[in-house]
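Work through each task yourself, then compare with the solution.

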Amino acid sequence: MTTPVSGSVPILRLGDVLVTGLLNELDDKTAVAFTEELTSRITADGARGVLIDISRLEIVDSFVARTLMELTTMARLLGARVIVAGMRPPVAITLVELGLQLTGVETALNAEQGMAAMGWRQSPQPSGGGLGEFHPEH
Amino acid sequence: MSSTRNTDHAVALAPSGRAADRHALMDRTVHHVRTEEDLLTVRHAVRAATLRAGFSIVDQTRVVTAASELARNAYIHGGGGTVTIDQLTTGGNAGLRLTVQDDGPGILDTDAALADGFTTGVGLGHGLGGARRLMNDFELHTGPGQGTTVIATRWAGR
């Protein structure tokens, strides 16, 4: 278990997917530390996917947008697919007005749908406990 | 000194206080931007002001995002500065005016600086032009060696 960097949530591994998120108070130092930690975890854990939950973010300015775009590119260069999940509707409106479309960044409505896109599905059995089950599709 | 604006309002209260004052100034707070932590303080203060002004959640998000862009510009390009948050009212309509001032090198080419994709810093080059689109009124006062002042206002429900 890696020590979480302040401003980010811990990076969890579910199968070959890393699950993490961003907190509201992302500053330059935190962004750099988070980028370094996430890229090294992709390599160390052999991750093929990364889910970044941003549902806590009250705003996404050009700095945070740049961080997300760079993370996506770096992960892709390492062979991992990034899905950014849970953007709040006012944030989406503001981002477009700001002129930022997060080009190249794959998104999902929420973490659950993001995980489904990575090949995870909610277990159909009611006795399953509900956390989900890995169904590799490749 | 070059200036640019997209506004259909008189300047409510220029820093000199000379301009016609058509808006009542309800409250004013001034915040220094010297460190990255100050950027967060400014965001919190602007968020609180948008709540007091009764802004919708989308307008809150627009104004806080614009404030974040402008304060970051002052921090990175201007070597720090101040953010003044003015709570305005005119004819029962609430507004919020941000005045972001720095004593940095100023901007040589304001048209280029307002164009998307222009950057001399670490961002995406959407900060200034993007902040202008997020606000109703926007004035940019700058020139080489004269620092930069941005005065941007958003009105509730407009």
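A crossing of two helices is left-handed if the near helix is turned anticlockwise from the far one by less than a right angle, and right-handed if clockwise. Helices here are DSSP runs (H or I, at least four residues), numbered from the N terminus. This is a predicted model, where local features need pLDDT of at least 70 and side-chain atom pairs count only at pLDDT 80 or more, while totals for chains, interfaces and linings use all residues. Residues are numbered from 1 along each chain as its sequence is written, and chains are lettered from A and ligands numbered from 1 in the order in which they are written.

**Exercise 1.** Work out how helix 1 and helix 2 of chain B pack.

*Solution.* Start by finding helix 1 at residues 36-52 of chain B and helix 2 at residues 57-76. Their axes (lines fitted to C-alpha atoms over the stretch in contact, with angles from 0 to 180 degrees between N-to-C directions) are 9 Å apart and meet at about 150 degrees. That makes helix 1 of chain B roughly antiparallel to helix 2 of chain B (the label for angles over 145 degrees). As for handedness, the crossing of these two helices is right-handed. Now look at who touches whom: contact means C-beta atoms, placed from the backbone, within 7 Å. Helix 1 of chain B brings residues including B:L39, B:V46 and B:R47, and helix 2 of chain B brings, among them, B:Q60, B:V64 and B:A67.

**Exercise 2.** Find which residues have the most contacts inside the largest nonpolar core.

*Solution.* A nonpolar core is a set of buried Ala, Val, Leu, Ile, Met, Phe, Trp, Tyr and Cys residues joined through C-beta atoms within 7 Å. The largest one has 71 residues, and A:V50, A:L51, B:A67, B:L70, B:A71 and B:A152 have the most contacts inside it. Helix 2 of chain B gives this core its largest share, 9 residues. Finally, zoom in on B:A152: setting aside residues up to four places away in sequence, its contacts include B:L70, B:L98 and B:F138.

Key:
Angles under 35 degrees count as roughly parallel, over 145 as roughly antiparallel, 65 to 115 as roughly perpendicular and the rest as oblique. Two residues are in contact if their C-beta atoms, placed from the backbone, lie within 7 Å. A residue is buried if 20 or more other C-beta atoms lie within 10 Å of its own, exposed if 12 or fewer, and partly exposed in between; C-beta atoms are placed from the backbone.
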